[in-house]
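Hi everyone, thanks for making the time. Let me put the structure up so that we can walk through it together.

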Amino acid sequence: MSIDSYEKLDRLPIEKVFKDPVHDYIHVRHTLILDLIDTKEFQRLRRIKQLGTSQFTFHGAEHSRFSHSLGVYELTRRIVDMFERNYPDEWDCSMRLVTLCAALLHDVGHGPFSHTFEKIFETDHESITTDIILSEETEINAVLKRVSHDFPNQVASVITKEHPNPQVVQLISSQIDADRMDYLQRDAYFTGATYGAFDLSRVLRVIRPYKDGIAFQYQGMHAVEDYIVSRFQMYMQVYFHPASRGMEVTLDRLLYRAKQLFNDNTLYPSFELLEPFFKEDAELSDYLKLDDGVLQTAIILWTESKDAYLSELSKMFLNRKPLKSIRYKKDSDEDIVEKLRDIVGSLNYDKELFTMTNSSSDLPYDYKLKNKTPIHLMHSDGSLIELSKASPIVKTLSGSLHGDHRLFVPKEFLEEHSQAINMFQEEYDVFKRYILNGAVIHPEEK
Ligand code: ZN
C-alpha cells in the first residue's frame, strides 16, 4: 500500500485534541500519531523537563519535553495543512505522515538534564532519537512499521537531515523551524519572559514551500525579523542565565565525582540504574529507564555519601546552592583564571571539583555557514532574497557570536573576596595585578 492510501485509511473517525496552554489545541487526526503518543518511549518525555537547570532560575519553567514535542507536531501540522491547501503544486502531499512523525519524535532521545548528562557519560540525544525510531525493541518502531517496513528509516532520515525532500528537513530542522518556533514560545510562556513572544500566527501565514526548501513571503519579513530578535533575547536573558549555568556546572561536577568514585569502587551508595553509564556499556533499554526523577533520587541518596565532596555537591544541587561565577575575557584572561582556580584549590576546596569554566555562545542567525540553510524571503515574482540583505536588524545580529565566558567558584570564596571581585568587574587591570601578586589570599592563614 502506498503511504498516501495508508494515510487516508489511518484517519480517526473523530479528531482528537489535547488542550495546550501555548497553542490552545493540539489536533490529532491520525491513529498513527495517537498511537505514537501512547508508546512508553514517548510517555517517558512527560518525566523530563524541557529546560533542565533553567527551572532553578525561572521557577515556572516546569514544562516537559512531552508538551514541547506535541507543540512541534502541532505547528508542523498547521504548516502542512496550509501547504496542502495553498501550494499543492509545490508541496508533495505524500510527505504528510513522515513530516508529522518526525516532528513528534524529534526529541524522543532526550534524557534527564541532557546537556550535562551527555557530557559526562558521552551519550548523544540525537543518535539515541534515531536508535529509538530504528530499534526493533521499541514500541515506537513497531507503530511506525505499520505504515511500511521502510517507514522508520524515512522518519529517522528527517532527523539526520538525510531525507531527500529539503522542505521536510527544513520544516523540522533549520534556522527557522517548527522546533525552534515552539520552544521559543513555550519557554517564554513558562519562564514568564516576554521576549520569546513573536507573531507566530503571522509567520505561519507567510511560510511557503518552493523547490529547494522553505521560504517566507516578502511581506512577512517583519514577523521573521521579530522571530530572530526574540531568539537572540531568549538566549541572552533565559538560556544563558548565570544561575542556571551555575546549577549545570554543579551537576556536572557532581556526576563527574560519582563516576570517579564508581571507577575506584568507592561509590556508596551506588545506584543501579546509573551503573551501565558509569561502566560505559549502557544499552538503549538502560537509557530508556532514565528520567529526571531517577537522577534526582540518586542525588538525594548521595547527600549521605561518605565521600565529603560528593555529599557536598549533591546538597548544593538539591538545595539550590550553586557555584557562583565571575565573567572573564577568553583571550586575555586565561592566566588569571588558572591563578584563581589555584587559589581556590589551595583553600579547603578540591580544584577539579569546585571550580569550572563555562562558555555559552549562540549565533542568532547566519547565512554563510555551510551546514545552516539561510532564511529566504520570496518576492511575488518568485525571486528570492536572503533575509539579512532585506532586514537591517537581522544584518546587525547576523554572523556574530553572542554570549560570555565564566569561571565558577564556591560562593563563599566570592563573598570573602567581594571587594577584589568588584575590582575585577570595574577595574580589571588593577585586580589582575592584585591577584597575580598574591594580595587577595594568604593560603597559609587558612
Ligand atoms: Zn525540540
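So, how many disulfides does a search of the whole structure find? Across the whole structure, the search finds 0 disulfides. Please keep in mind that this is a predicted model.

Let's look at the cysteines behind that result. Take C93: the closest cysteine sulfur to its own belongs to C101, and because those two sulfurs are 16 Å apart, they are too far from each other for a bond. As a reminder, a disulfide is a covalent bond between the sulfur atoms of two cysteines. C93 is partly exposed, at 30% relative accessibility, while C101 is buried, at 0%.

Now on to the metal. Which residues coordinate the zinc ion? They are H68 and H106, each through NE2, together with D107 and D179, each through OD, at 2.1 to 2.3 Å. Along the sequence, these donor residues follow the spacing H-x37-H-D-x71-D.

Are H68 and D179 buried or exposed? H68 is buried, with a relative accessible area of 1%, and D179 also counts as buried, at 16% relative accessibility.

Finally, the geometry. The angles among the 4 donor atoms run from 82 to 175°, and the zinc site is irregular. For comparison, ideal angles for four tetrahedral donors are 109.5 degrees.

How values were computed. Residues numbered from 1 in each chain as written. Predicted model: local features only at pLDDT ≥ 70, side-chain atom pairs only at ≥ 80, totals over all residues. Heavy atoms only, no water. Disulfide = S-S within 2.5 Å. Buried < 20%, exposed > 50% of the residue type's maximum accessible area, 1.4 Å probe, protein only. Donors = N, O, S within 2.8 Å, 3.2 Å for Na, K, Ca; no water. Tetrahedral: all angles 85-135°; square planar, octahedral: opposite > 155°, others 65-115°.
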